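Reader: Could you walk me through this model and tell me what the terms rest on? I would like each label set against its rule.

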Amino acid sequence: MTKSAILTDLTQCIGCEACALACKEINELPKDTPLHLLTASTWSAVEHRNGVNIRRQCMHCEEPACVSACPVAALEKTASGAVIYDAGKCMGCRYCMVACPFAVPKYEWDKSIPTIQKCILCYETALSRGAEPACTSACPTGATIFGERDALIREAQNRIAAHPDAYVNHIYGLREAGGTSVLYLSAVPFAELGFPANIMEDAYPKLTWKVLSKIPNIVSTGGVLLLGIWWIINRRIKLQDDHPSSV
Amino acid sequence: MKLSLPKPTFWTIVLAFIWILGIYAVFTRFYYGLGAATNLSDQFPWGIWIGFDILVGVGLAAGGFVVAATVYIFNLKTYKPIARSTILTAFLGYLLVIGALMIDLGKPYNVWHPLIMWNHHSVMFEVGWCVMLYTTVLFLEFLPVLFERFRLERPLRIIRSITVPLVIVGVLLSTLHQSSLGTLYVIVPDKLHPLWYSGLLPLYFFISAIAAGLAMVIFESYLSARAFGKELEFSLLAQLSRIIVLVLGLYLMVRVQDMSSRGALQYVFDGSQESLYFLLEVGLGVLLPIILFLTPKIRNNTAGLFLGAVFTLLGFVMHRLNVAITGMTRSAGVEYVPTWMELAVTASIVAAGIVIFRYAAKYLPIFSQEEAFGVHPPPLVSAGKSGRLAMGLLGVLLLAILIGLGFGWMQEKPVDLHLRIESAVAQPASTLELPLPIVYEMGEASPGAVTFSHENHIDPSAPQCKTCHSGIFKMRPLKAGALGSVQMDLLYEKKQCGICHNGDDAFNVEDNCEVCHVAIDE
């Protein structure tokens, strides 16, 4: 399976929201909720900010913070590039929501038994059958297109090279959070469009793994140390008790 | 059996009131969902139930492993008299934390999933495992008390023979997950305010938990001594206060050093809300107890020790809440203030902890193990009316959860939460800007100019852009590309406009020239 990705060129988006509607259609999400905001029932949104239409969805990070955060492996980065979710495994701790640097996973706050809701790149309905996601196939202008990640990066580089005045020289998602499967081009600096500005260029899971990977050492060293201390102290007390005069 | 209520003293009334509110809140959470009971949102997914019930609850139970290590590994037997009550506190603490977690979790019945669904890259996975294992260890450490109470000699001997390995495992597990609660936040460098974010968060959580655990020992010994008229092991507690000073001093030193190396000191006095909370936390909760414990006049009396312990605990609570709530507010973009229901649940849990501890202290050999209860242990059946009331309320709580879950799950409820979300992020709805009318260049044989109007072709409330774009007609990307041409020959072949203008879907192009071609001379 090739590593699929999405390139969204904000300069070509007319804000028709066809992507957002197509997403609701295929994922059978409630249609009565606003399309400009990511919520449990809107996995793909179109925000209108400073005269720019900004498509929002899960970034499908190369090394997702949510996947590393989930204690029960309910979130998974598939070989296809999609970050998918298994509600059956989820226990509802919401650590993925805390961990995601793009604040993508949403929750069903109005349900007795809520689940996490987010874009899964149409993994079941399209991707795993070799088709393209509903959003990109619905776009009338070709502002958001589906393809192989490396090819889309080349395409984005070509567009910037061909029209250097029309774009800021930045492919958002190329390096952000260690690289994402959803890439953006824009005429306006991304920080002005509500994209997280101080996002790390390195993958987020590395931060916690740096700590977690030390655990085996802590356990073995700590165990030996504690046992040693106990043995030494206990022996000294015993010796004292046996030969009180010799001390 | 005649049901009679316990004497309505001030405290039983307060307690009953808190629990009734708490039970109502738990019911609301399970019936209407987390959004109805809490102020949590997509922007702020963790609130006071995580910040206080879990982060603080686990930390306050840290006295258990510190004292157990002191007594059984470092062999400082002088501390033995307080070992049991601290281990009981820790055990109760963990049970309550797990209880609180059940209310906060979206799917509490899946809480056992980390047992079989592994993700060793997850901090939460590690925390879950450690809490499960350590609660078991605490139970085993607590067992001798029960065995003594019921005079079970053989099991008592067995459990005593494994005390040391048990304590070592307990210390390791505690070290791991006290620090791991801090590690949880290591993955949010750009969400947590720099006054609190650090790669050393695990270390801070660990050190401050030791200070808080020891302060908890003083706090509790003082209160139980008053409540049960028992002798306070004053010299022991005074020694503990000296250790607390050392621990807090180390904690403060590492934190300041680390903040200066991260360039975070500039935020300390910048007058923001965060700086205020930070100064309160460090001033009242770290510096003040150090000063109190170092002042001989205060250190040398029980009330002074108690005061120092209270401020140490306050500083600890503030640190956890600052990490979980204050420090996360700015990046979330919404102000999180817990609802009364969230507070009621938290208060109920704290109250439950106090009540259970009181009963345990009254009926189990906890405070002085040498002369457990002499010849006649107090009869358990005399748990009394208040005991029955407590059990009754526990039953009501379980019922509330079951009914809430049962009915809440089955029924669809129109709770208007989306309105709240919308107002939080007010934004104009989409305004689709239709392109200007397009005037086509006339060909040689054209009978008149053609102007295409989007307005006449679509319903703006449901624009089916996809019908024509980009399959039939290319759009003009970047406002630079040339307009494609429309040719009558193609139209007659049912292409371009002819696809729809075929006589069936829309008027036929063949005999309606004048509809589109506006004659110039006529």
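Reader: How much area is buried between chain A and chain B, and what share do carbon and sulfur atoms give?

Author: The area buried between chain A and chain B is about 6500 Å², and carbon and sulfur atoms give 65% of that. Buried area is the accessible area (1.4 Å probe) that two parts lose on being put together, summed over both. In chain A, the residues that lose the most area to chain B are A:Met91, A:Trp109 and A:Ser112, together 12% of what that side buries. Before we go on: this is a predicted model, where local features need pLDDT of at least 70 and side-chain atom pairs count only at pLDDT 80 or more, while totals for chains, interfaces and linings use all residues. Residues are numbered from 1 along each chain as its sequence is written, chains are lettered from A and ligands numbered from 1 in the order in which they are written, and side-chain values use heavy atoms, with hydrogens and water left out.

Reader: How many residues of each chain are in contact?

Author: With contact meaning heavy atoms within 4.5 Å, 76 residues of chain A touch 76 residues of chain B.

Reader: What makes B:Asp104 and A:Arg94 a salt bridge?

Author: The rule asks for a side-chain nitrogen of Lys or Arg within 4 Å of a carboxyl oxygen of Asp or Glu. The closest N and O atoms of B:Asp104 and A:Arg94 are 2.9 Å apart, so the pair qualifies. The count between chain A and chain B is one salt bridge, and over all chains the count comes to 18.

Reader: Why can the salt bridge of A:Glu62 and A:Lys3 be said to tie together parts apart in sequence?

Author: Their side chains meet at 2.8 Å, N to O. A:Glu62 lies in the loop between strand E3 (52-56) and H2 of chain A, and A:Lys3 in the segment before strand E1 (4-9), so the pair ties together parts that are 59 residues apart in sequence. Helices (H or I, at least four residues) and strands (E, at least two) are DSSP runs, numbered from the N terminus.

Reader: Which residues form the nonpolar patch on the surface of chain B?

Author: They are B:Leu276, B:Tyr277, B:Leu280, B:Leu284 and B:Leu314, with about 390 Å² of accessible area together. Such a patch takes residues with over 30% relative accessible area and no salt bridge, nonpolar side chains (Val, Leu, Ile, Met, Phe, Trp, Tyr) being joined within 5 Å. Helix H11 (residues 273-294) of chain B gives the largest share, four residues.

How values were computed. Patch = residues over 30% accessible without salt bridge, like charges linked within 9 Å, V, L, I, M, F, W, Y side chains within 5 Å. Areas by Shrake-Rupley, 256 points an atom, 1.4 Å probe, with all protein chains shown as cover.
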